[in-house]
Structures are given as C-alpha cells and as structure tokens.
Amino acid sequence: MKINSKLLTLLIMFTLSSTMGLMSQENIQRKQLFDFDWKFYLGDEPKASTINFDDKAWRTLDLPHDWSIEDIKDQSSPFKMDAISGESSGYTVGGIGWYRKELFISKKLKSNVFILRFDGVYCNSEIYLNGHLVRKQPHGYVSFYVDITDQIDFNGKNILAVKVSNEGKNSRWYSGSGIYRHVWLDVLHPVHVDNYGVSVTTKEARAAMATINFSTKLSNFVKTKKPVRIVSVVKTTQGKEVLRHESSIPLDGNSISFDMSIKSPKLWSVSSPTMYMLVTHVFVGNQLVDRVETGFGIRTLSFSATEGFLLNGESLKLKGGCVHHDNGPLGAKAFDRAEERKVQILKSNGYNAIRTSHNPPSPAFLDACDRLGMLVIVEAFDMWEKAKTPSDYHLSFKDWWKADLEAMVYRDRNHPSVIMWSIGNEIPEMDNPMVVAVAKRLADYARQLDPSRPVTAAIHTFKDIDPFMATLDVVGYNYAVHKYKTDHANNPKRVIFASESFPLKAFDHWMGVVDNRWVIGYFVWTAFDYIGEASIGWRGFPPEKVLYPWKLAYCGDIDICGWKRPQSFYRDALWGKNKLSIFVNAPQPSFEFNPNKADWSNWNWHDVLPDWNWTGMEGQIFKVNVYSSCEEVELFLNDISLGRKKTNRDSQFTALWDVPYQSGVLKAVGYEGGKEVNISYLKTADSAKSIRLVTDRTVLQKSGQDLCYVTVEVVDKNGILLPKASNKMEFHIEGPGKIIAVANSNPTSGESFQQMYRNAWNGKCLVIIQAGTTKGTIKLSVKSEGLGVSTLLVGVK
C-alpha cells in the first residue's frame, strides 16, 4: 500500500535501531510495522510517560512481547506458587509494565495524518505521546487505534510511552501481559480511507454470477475544493483484474456504496479457500492520495433448523474446537507464523471450525484462517456486568462494550472465514430479565453493524432462559447434548451447536451432530492445550485450593508444542475415513488423581499411551485400544494375529484387546471391504542412541519475525522414539537467528521456556527459532549426555 510520490516527504528516525533516512512518498508504506526497538521496564515508573525520562537502563526488545512467559527475576522459571491468579494463570504473574519508543518526524510531513494502531495489549493500557495521554483501552484483546497527529513535535524528538496494567485476578485462563500483538504506524494524506472503512459483502453467489456490495468510508481532514474520486479494483491473488468501478464523492459526503457482479466467481470454501483482493484508490483531483488493499472471499452462509448450516448452498457440519489466544511456549506473543501454524495443525487434524474463546483473535490468526479455509466464530466477551474474577472486564463493560463490539466487527467483517459473532460466554444469571435486556442490546447492535452474519452466545445453564436464547440467531450449547431433542421439540426453529463439549464424551457429542439436522456442529474444549485452568483435563472439578505444580489445562487435542494427544487420534476415527491408531492403558496412573473429581467433569481423556516399552513387566496383561474408522481391524503381536474386530458406531470406533506384554511390535491392520487400507504400529525401542531434529520449515524470511519449530527426539539406533526418555537437552545457535522458546508438554513442569536447555518428556522437546533481518544460515546444535550432538541448518533469505 503505497502513496503517490507527489505527496510530501517523510523522515522517521527510529534512533534505537540506528536507522535514519530520507524517504520519498513513493517508497513510504501507508501501513508501517512498528514492532522493533522498544524500551521496556517491568514495574511502575510514575514519570515514564514524560519526554525527558531517562530510560537508558531499560531493556531493549522487539514486539510482540509477553512478560508473563519470561523468567521471574532471580529464578529460572516464570512460575510462582503464590501468583495472584493461581491455577487460572498457570501460576504466572502479571503486574505493571512500561514501553517507550523514540521517533522523529520531519516538518515536511506536517500536513499528514498519523495513526497508531495496536492489534492487542493485555491489558488496561494507556498510550502517551510526549507526556500527553492520548488513549486508554481496558479490553486486552480488542484492536484499537489513536490519531497522534496533534501531539507530534515536528521540530524534535517524540516519545511514545505505553503503560500496561495486568493487575489483580482478571482472567480465568492465561492472558499474558504486555504488547503481545503487532503495532502499526499509518502515515496518511488528510483525505484517506477511514480505519476499517472498507466493507465487502457477498449478497448472492452462484456458479455463474456473484453480486457483491462494496462500501468505502473516507476521513477528510481538509476542505478540498477538488473532486474526490474512488477507484475500486478487484483482482485475483495472481493479479488478474476482474472488476473496476469508479465513484465520485460529493464535497459534503464521505462514503460510497455500490453493488457489482463478478462472472464465474471462484467461491471461498473450507476445501478451496479462494481469495480476491480489492484495491481501493483515492484521488483528490488527479492526485492519488491513498491506496488500500482488502482481502475478501466470495461465499454465502445460511442457517436453519430444517437444513442446518449451508456454505455456498452445500450442507456442512462444523468440526470445531475452542481455542484460547496463547501460543504455548511463546505465551501470548502473536507472531504471524505462530498463528498460522496453529491453524495449519488444526486443519490437518480434521477441524474445519474454530471458536475464539473467549475474545477477539489477532488479525494474523484470521488471515491464516482465510488462506487455509478454516471457519471461525469470533467471540467478544467472557463476562458482561457481573464479574467472574474480581478485576476482570466487568469493571469496564458498561462504558466500553459498544466501542469494543464495534471495533471487533468492523475489523473482522471482511474475513470470509468469520461465520458468526458471539456476544458472550456463559454469562451469569441468563434467567434475569436485566441480563436478557443486555443480550438484546448487544445482539441488536452486532446485527446493525453487520447484518450478514448471525449472532450467537454460549449457554451453560438451561433453566428459564428461553427469553435469553430468543435474542440470538444461533444458540451455543455448552455440554448439553442431552437437551438437543427436547429443546427442538419445544423450539423447532432453533438452530443449535455445541459451543463446548467434553473430550471424554466426543462420541456422544458427534453423534448428536450427525443425528440431528438442527444441530450444526460441535466445538471441543479444547482443540489446543493451553496455560492456565491448570489440570482441568486431569484432576477436573471441583478445583482444589492449590494445584501447584500443575501449569497446563491438559485438555487439548493438540498439546502446547503442537503435537497430537491420544484424544486427537480418536477424533480422527470419528471424523475421517480409514483412520487407525494404537494406544495402551497406562499400568499406573500417569499423574495423581483427584479423589473428589465430580462425575460430570469430563475434560480428561483415558489414561492411554502410545508406548510398547514395559521392561520388567513381561507377561503382564495390558489393555490395548485401537481407534479405527475402518470396517474391521486386526491386531498382531510380533506377526501373530490376536484376532479381528469390527469398528463402527456400535463399538464407538474402538476395538479393545487384553494383551500380555512381550517386547517387539504391536501392529493394527485396518480393512475396508476385506482389503487392507491402513496400518498402525507400536514398537519396542532399544536403548537411547542419538538425537533426531525435525523442523517444520527449512527456509525463513529475513523479516525479523519469521519462525521455525524444531522437534527434538530421543531415538534408538533404528530411529524409534523412546517414549519414556527425559534426557536434558542443551541448545546452541549460530547465524542470523535466535532461540526464543523451548518447551516440552509436561503439564506439571516448572522449567523455563527461555533457558538454553530443556528436559525431554515422553521422549521429546521443542525449540522455536526466530529469524533475524539478514540473509544467511542458522545452525542449531543440540547435545545431551550420552547422545552426542545433533545439528540442523535453516536458511534465511
């Protein structure tokens, strides 16, 4: 997005990076990434917003940043047993932090407009420029912006300061702390496209023709007498122009809206997520003063109790997962690649939908969902006027809900992946008429902002709440598969989905979707494991007073490193064809059980392991579980058949065998129509021999923000993983990159995510590498006592 060279010239010097230059408008980006070379201090400094405050001793860092995932001072761990939020935050800490950044802007740019945009700051942020408070934002997940033009000193340096206050118990899960998403600086002509001022809506779409509404809103800070024109051009992702429209703006106006048709459109879907690009050009007279690119997809949505959910007129059941915003070892830091990888992993494991629990996600996350074909329910709030934790958003809700809901909808309305707006999760007292009135206000406003999508919310109590449900277009049922038929009988037009479901009840929840046309899908709690709500996936509810050393929820299909857990393999069998996997019941509990765990608390999965290494237990009987969507499955131990069993709905896609332990190979063979269609193995490993390094990417971009994830495995001489290995791994890196996180998936580990060592757990650990800004080759070396050194090369270009 570039601005015409006839505009003025900008000089911005980011002195912390020693970068200084005179740039013409032709090479100035409208949208400039503002992530690099910030100063940071953990703690409160009353004068930190002032220009002359001395920050030389402060730490220099790049965004995104999350101080809660970093090691606490004087200890090699981010965890603290007496953390204010306790198990909710995974025993991590918050506090107050300050960020500062210095910039110079040339006098020659004095006639321009400068907008700072923050994708997300957790939480209660205050933005200062040159000592002046220019913006507050209590909601920690909503993107926001501020016009700083009037506070800029064009004759000297400017100091941008951001105070972040994550104090008290204000979240039921790990939130992170700080400027954890991108910051942008927009440099604009006084006549420009407004923030979130472009809207693209599919009105009708068929194979032969699609009708699209395009609207553009301008900001005009000058009273120009010259005519203002908007030229809208639609292109394919390959750059081919498919549509062009020109509009004139009256002198007293600031917006346009028009319908246009596209012949033979390529529709956006989960299997073929075709995107288009709208390029909006703004001219004052004959001068190009602004250019904005807006990605969009052409698709239609339909929801009804008779036909269910239709995407482009075709029935589709939502195979969904709830996802918190954190990125495991990175904490809340929303690197684009981390967000993309999360979506890629879920997509590759059968998911077609995500519920962003319980907050708006990062823009990068939704961009990835658009590209990869993942449907999204974007959620606004976890609470309204009544608190769930003492210091949470309920303190700001009355004053801020409208602005925050508007920011969410306007920011995300052009994403084809977004199919519903959720106005709340498990709101207290849904039977209270005053709460119903709030629900109606929120739902009506969401529809006013965007009439093209339905409004939903997640319901967790079901007594006397029909008035609350009546405010919604689609109703989310949390853990209530038993209500589907009776509620449909009483409310035959109600469209339902399981907004949350128990992992242990995966079969029941999916059959509830398959059997009932008015139930359009389900979302498991959770798709990805996360920090906080420690141990609900093992010890469950009610929670004990102190759950330390538990840090992770341990309820996700995918663990915090991005690796499949047993329940994910079972879900493969529920959702996919000819899927097959083998697991063995643990002979002893993997962790201590909670004797007071409630019967309804089913966020756990069976205590099974992908492990056939039980030296000293020869002859002991092991329960072997085979998850299978094949018609039949046959189990072999060392090539001796233990019999065939049918696997179907009647068996809940599981076959069980009692097998006396003998080292060697367990093999499951799946059959369809009598023919072999899949094989799965568990093999006994020999002694640990070496370290195997597996990276998800071998070439990174020199953006200073690109990432690769390296899996570190302990293997024997035949390359078989040792599933009980816990060797300490030490890491060293050379070249244009750095290690920004290390991890394993042990939910009780108190290890650091940032030290240059980590113990393996279940034979594995993870290293996350961040590329620098120069070309070259990164060399990662990993060593462990008795296993030697293994190396991996990653290019940066």
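**Reading rings, strands and a helix**

In this predicted model, ring pairs join Phe381, Trp384, Tyr393, Phe397, Trp401, Tyr445 and Phe468 into a cluster.

Q: How many aromatic pairs does a search of the whole structure find?
A: The search finds 56 aromatic pairs.

Q: What decides how the pair of Phe502 and Trp603 is described?
A: Planes over 60 degrees apart count as edge-to-face. The planes of Phe502 and Trp603 are at 70 degrees and the ring centres 5.1 Å apart, so this pair is edge-to-face. Phe502 lies in the loop between strand E28 and helix H7, and Trp603 in the loop between strands E30 and E31, so the pair ties together parts 101 residues apart in sequence.

Q: Are Phe502 and Trp603 buried or exposed?
A: Buried means under 20% relative accessible area. Both Phe502 and Trp603 are buried.

Q: Which residue lies over the face of Phe569?
A: A charge counts as over a ring only within 6 Å of the ring centre and within 35 degrees of the ring normal. Lys564 lies over the face of Phe569, 4.6 Å from the ring centre. The charged end of Lys683 sits over the ring of Tyr681, 5.1 Å from its centre.

Q: What is the strand order in the open sheet of four strands?
A: The order is E15-E14-E17-E18, with antiparallel pairing. Strands E15 and E18 are the edge strands, each pairing on one side only. E14 and E15 pair over eight bridges, and Lys235 has Glu241 in E15 as its bridge partner.

Q: Why is helix H8 described as largely enclosed?
A: Nine of its 10 residues are buried, so the rest of the structure largely encloses H8. Among the buried residues are Tyr570, Leu574 and Trp575.

Terms used:
Residues are numbered from 1 along each chain as its sequence is written. This is a predicted model: local features need pLDDT of at least 70, side-chain atom pairs count only at pLDDT 80 or more; totals for chains, interfaces and linings use all residues. Side-chain values use heavy atoms; hydrogens and water are left out. Two strands pair if DSSP finds at least two bridges between them. Helices (H or I, at least four residues) and strands (E, at least two) are DSSP runs, numbered from the N terminus. Buried means under 20% relative accessible area, exposed over 50%, partly exposed in between (1.4 Å probe, protein chains only). Rings of Phe, Tyr and Trp (its six-membered ring) pair if their centres lie within 6.5 Å; planes under 30 degrees apart count as stacked, over 60 as edge-to-face and the rest as tilted.
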